[in-house]
Amino acid sequence: MTATFKRCVLHGKADAPPSKSMAHRYLIGAALSGEKCILSGVDYSEDILASIDCLRALGAHITTDEDIVTIDSSEFMKVEKPVLKCRESGSTLRFFIPLALCLGKEVTFLGSERLFERPLGIYEELCHEKGFTFKKDKNSVTVCGNLQSGTYKIHGNISSQFITGLIFALVYLGKDSCIEIIPPFESASYINLTISALKSFGADVELTDKYTIVIKASEMNGFSGKIEGDYSNAAFLDAFNHIGSQIEIGNLCPDSLQGDKVYGKYFEMISDGTPTLDISDCPDLGPVLFALAALKNGAVFTGTDRLKAKESDRGAAMHAELSKLGKGLVFGDNTITVPKQSLEYRGIPIDGHNDHRIVMAMSVILTKTGGVLNGTQAVRKSYPSFFEEIIRLGAEVELS
């Protein structure tokens, strides 16, 4: 799909969509509880649908009605040779592999080729050390193991999704366990989200010090509640406010543990000068921060290496598209510099790189320059209504 933009400003009120990060965690927490749970405020992005599909494949009975999901987990993990379809969701794949390794039977994960290009080495090493099966090709991974409770050491400078996946599995196993994080510990805020969600279901999980996660045997219980709004996607709406639009954004919890809440502070710093900002704990903000910096006075970003392993190589993708409009980006050792530049649409269509966050970041820019953006369907992954929302707010965009 293609979006053709005219220069425009946006006005009005909009609610942030439900948090994808929290929805994943609450859906899995509900399945682990063994009880019937009702979650409201669920947005059926491709990633969330992937996690729902995988829970069903593992035996959970799930029904949906508008934004409400009902989970009956009485038969969860009582299946033979399940096949889990992860679509393009890295979170889903990494969250579910450790649970699959608890079954003691063969489990196959399917997904896009790009999904299986993303790192899985932590799990592959774990399987090799334990004598478990780990077979990977371009569109699937098959595992078989008998994971046990205990103490695990894991590097903290990899995706927090690996650590969260292991937490889910150790909670399911139901005995005392410990995860020791080898510093540096990046994206620690996402582990706090995992712990917060699991506590809602009665799990006894604590980050007892900066690098130690303790999981104790505990009685799980059912929980029903609403998924909070998403700061990472709200950032794309709020970015318009820093380039001349006026959007009042609702459905955000001021006490949220989401690490991407930092975007507000970072946006102000970019608008006021040429800051140096560490994004190691909020890598999903990278594209929108680069976009805003390119529209302002530039900035320097550290902790950028993990952008290479997202839906696209997000640094390279943003460089390619900003180079069509201006000077692009400058790469260093775990750093990306956005130089001060003047952006102008030169008739070369912008490409979304099959990455929802690249599409939305470049959409912010194109409301200032005008132009054509290809691959807009990628927003289905996390924010399916993004274009409907910005058009309602006054964006002059023609979709085809």
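Start by selecting strand S8 and strand S9 (residues 140-144): 5 bridges join these two strands, which run antiparallel. Keep in mind that this is a predicted model.

Stay on this pair. Pick phenylalanine 134 and look across to S9, where valine 143 stands opposite.

Now widen the selection to the whole sheet. Color its 4 strands in the order S6-S7-S9-S8. The sheet is open, and its pairing is mixed. Which strands stand at the edges? They are strand S6 (83-85) and strand S8 (133-137). Each has a single partner strand, so one side of each is left without a neighbour in the sheet. Turn the view to follow the twist, which averages 15° from one strand to the next. As background, strands of a sheet pair through backbone hydrogen bonds, either parallel or antiparallel.

Next, show helix H3 (residues 90-100). Helix H3 lies across S6, strand S7 (107-110) and S9. Compare its direction with S7: the helix runs at about 170° to that strand.

Last stop: lysine 381. Find it in the loop between strand S21 (371-374) and helix H12 (386-392). Is lysine 381 buried or exposed? Lysine 381 is buried, because its relative accessible area is 5%, and the cut-off for buried is under 20%.

Show its side chain. The side chain of lysine 381 makes a polar contact with the side chain of glutamate 311, at 3.3 Å. Then display the residues that lysine 381 touches, leaving aside those up to four places away in sequence. Among them are Lys20, Ser45, Glu46 and Asp47. Glu88, Ser89 and Gly90 also belong to this set, as do Glu311 and His356.

Definitions and conventions
Residues are numbered from 1 along each chain as its sequence is written. This is a predicted model: local features need pLDDT of at least 70, side-chain atom pairs count only at pLDDT 80 or more; totals for chains, interfaces and linings use all residues. Side-chain values use heavy atoms; hydrogens and water are left out. Two strands pair if DSSP finds at least two bridges between them. Axes are lines fitted to C-alpha atoms, for helices over the stretch in contact, and angles run from 0 to 180 degrees between N-to-C directions. Contact means heavy atoms within 4.5 Å. Buried means under 20% relative accessible area, exposed over 50%, partly exposed in between (1.4 Å probe, protein chains only). A polar contact is a pair of N or O atoms within 3.5 Å; within protein, one must be able to donate a hydrogen and the other to accept it, and residues adjacent in sequence count only if both atoms are side-chain atoms.
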